[in-house]
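Please keep the sequence and the structure in view while reading.

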Amino acid sequence: MERNFTGPDEYQKHFMPKDYLATYYSFECGSSSETEMVKFNLQCLHQTFGPGGLRGKTLIDVGSGPTIYQVLAACEAFSDITLSDFTDRNREELQKWLSKDPGAFDWTLVLKFACELEGNSRWQEKAEKLRATVKRVLKCDVNMSNPLAPVELPPMDCVLTLLAMECACSSLAAYRAALCNLASLLKPGGHLVTSITLQLSHYMVGKREFSCVSLTKEEVEQAILDAGLDIEQLLHSAQSYSTTTAPNKGICFIVARKRLGP
């Protein structure tokens with residue numbers, strides 16, 4: 001592991017979901033850089049899972065964090081969704097929202113935006129549909145050959161991972177290995193949908209800094225190809241976060257398909 005990389009123990013002890021959600025998912029800020037990042041991902045996800053897009057039965061979101069926005073479009077296209085994250089607190093936060101705990105984060109503004117993209121205003125129905133579609137919340141670690149160990153699930157139609165891999169991997173080599181681990185969760189012909197913040201060295205959660213592996217677009221593309229996947233779509237936004245002292249070089253959204261054979 002590279003020096004000063006934020007390891008799993010630090011995440012388990014110090015990653016606070018409330019601080020993270022307040023910083024990156026408060027739509028009240030209007031046109032903030034963080035809001036624009038979320039909107040970009042929501043627009044890409046709507047394009048990916050909307051009419052004429054990917055369809056299937058099973059989807060797993062790897063590295064969900066404490067967020068549910070990334071599966072709002074997918075719950076219209078898949079009937080069995082698994083959420084997963086490494087830290088106990090993040091999984092607890094997910095369970096709070098799923099069980100309608102009064103202390104759960106309020107996703108109303110994000111739900112409304114996602115519904116606007118779909119051309120409807122029934123955001124309450126969207127929330128209930130997602131709750132019914134999420135069947136389980138599991139612990140995951142992308143650095144393990146089976147990221148869900150000791151749980152074993154049947155091969156998936158789709159693996160989704162947004163803004164997570166660059167935080168979980170300590171080096172380019174670790175990122176490449178982790179992509180292979182994710183690909184192993186897919187059926188042949190299944191799809192990986194991923195969003196990566198490019199050349200991001202760290203990000204802030206409250207007053208605590210968490211490190212990332214800095215990746216270029218070319219490194220991400222090659223790693224996906226080498227993991228046995230063919231890129232079907234790549235979208236790039238130059239948007240950068242405002243909460244880092246060293247701005248990232250945009251965000252890359254990719255849809256890739258697992259090859260049917262060697």
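In which loop is A227 found? A227 is found in the loop between α9 (217-226) and β8 (229-237).

## Basis of the report

The structure is a predicted model, in which local features need pLDDT of at least 70 and side-chain atom pairs count only at pLDDT 80 or more, while totals for chains, interfaces and linings use all residues. Residues are numbered from 1 along each chain as its sequence is written, and side-chain values use heavy atoms, with hydrogens and water left out.

Helices (H or I, at least four residues) and strands (E, at least two) are DSSP runs, numbered from the N terminus.

## The surroundings of A227

A227 counts as buried, because its relative accessible area is 14%. Buried means under 20% relative accessible area, exposed means over 50%, and partly exposed lies in between (1.4 Å probe, protein chains only). When residues up to four places away in sequence are not counted, A227 touches L179, C180 and A183; contact means heavy atoms within 4.5 Å. A227 and R259 are 32 residues apart along the chain, and their C-alpha atoms are separated by 9.5 Å.

## The largest pocket

On a 1 Å grid over the protein atoms alone, a pocket is an open set of points with protein on both sides within 12 Å along at least five of seven lines, whereas a cavity is a set of points where a 1.4 Å probe fits but cannot get out; lining residues have an atom within 4 Å of a point. Grid points are joined across faces, edges and corners, and a volume is the space filled by probe spheres set on the points.

The volume of the largest pocket is about 690 Å³. Its lining holds 45 residues, and Y11, A164, C167, A168 and Y203 lie nearest its centre. Two or more lining residues come from each of α1 (8-14), α2 (17-24), α3 (33-49), β4 (156-162) and α7 (165-168). By type, the lining has 26 nonpolar, 14 polar and five charged residues. In this division, Ala, Val, Leu, Ile, Met, Phe, Trp, Tyr, Cys and Pro count as nonpolar, Asp, Glu, Lys and Arg as charged, and the others, Gly among them, as polar.

## The second largest pocket

The second largest pocket has a volume of about 170 Å³. It is lined by 15 residues, and those closest to its centre are W97, F105, D106, T108 and R131. The elements giving two or more residues to this lining are α4 (88-98), α5 (108-118) and α6 (123-133). Of these, α6 gives the most, with five residues. The lining comprises seven nonpolar, two polar and six charged residues.

Helix α6 also contains T133. T133 is classed as buried because its relative accessible area is 7%. Apart from residues up to four places away in sequence, T133 touches C75, F78, S79, D80 and I81.

## The cavity

How many cavities of 30 Å³ or more does a search of the whole structure find? The search finds one. The largest cavity has a volume of about 50 Å³. It is lined by L42, L45, H46, Y69, Q70, L72, A73, A114, L117 and E118, and α3 and α5 are the elements that give two or more residues to this lining. Seven of the lining residues are nonpolar, two are polar and one is charged.

## Annotated residues

According to the unreviewed UniProt entry, the annotation "binding site" covers Y20, Y25, G63, S64, Y69, D85, N90, D141 and V142. UniProt positions are given in the numbering used here, feature names are shortened, and annotations may be inferred rather than shown by experiment. The annotated residues are spread over 123 residues of sequence and also in space, up to 23.8 Å between C-alpha atoms. Y69 is included in the lining of the largest cavity.

Y69 is placed in the loop between β1 and β2, and it is buried, with a relative accessible area of 3%. Not counting residues up to four places away in sequence, Y69 touches Y25, V38, N41, L42, W107, V110, L162 and L163.

S64 is found in the loop between β1 (58-61) and β2 (80-85). Is S64 buried or exposed? S64 is buried, because its relative accessible area is 4%. Leaving aside neighbours within four places in sequence, S64 is in contact with Q70, L83, S84, D85 and L94. The side chains of S64 and D61 are joined by a polar contact of 2.7 Å. A polar contact is a pair of N or O atoms within 3.5 Å; within protein, one must be able to donate a hydrogen and the other to accept it, and residues adjacent in sequence count only if both atoms are side-chain atoms.
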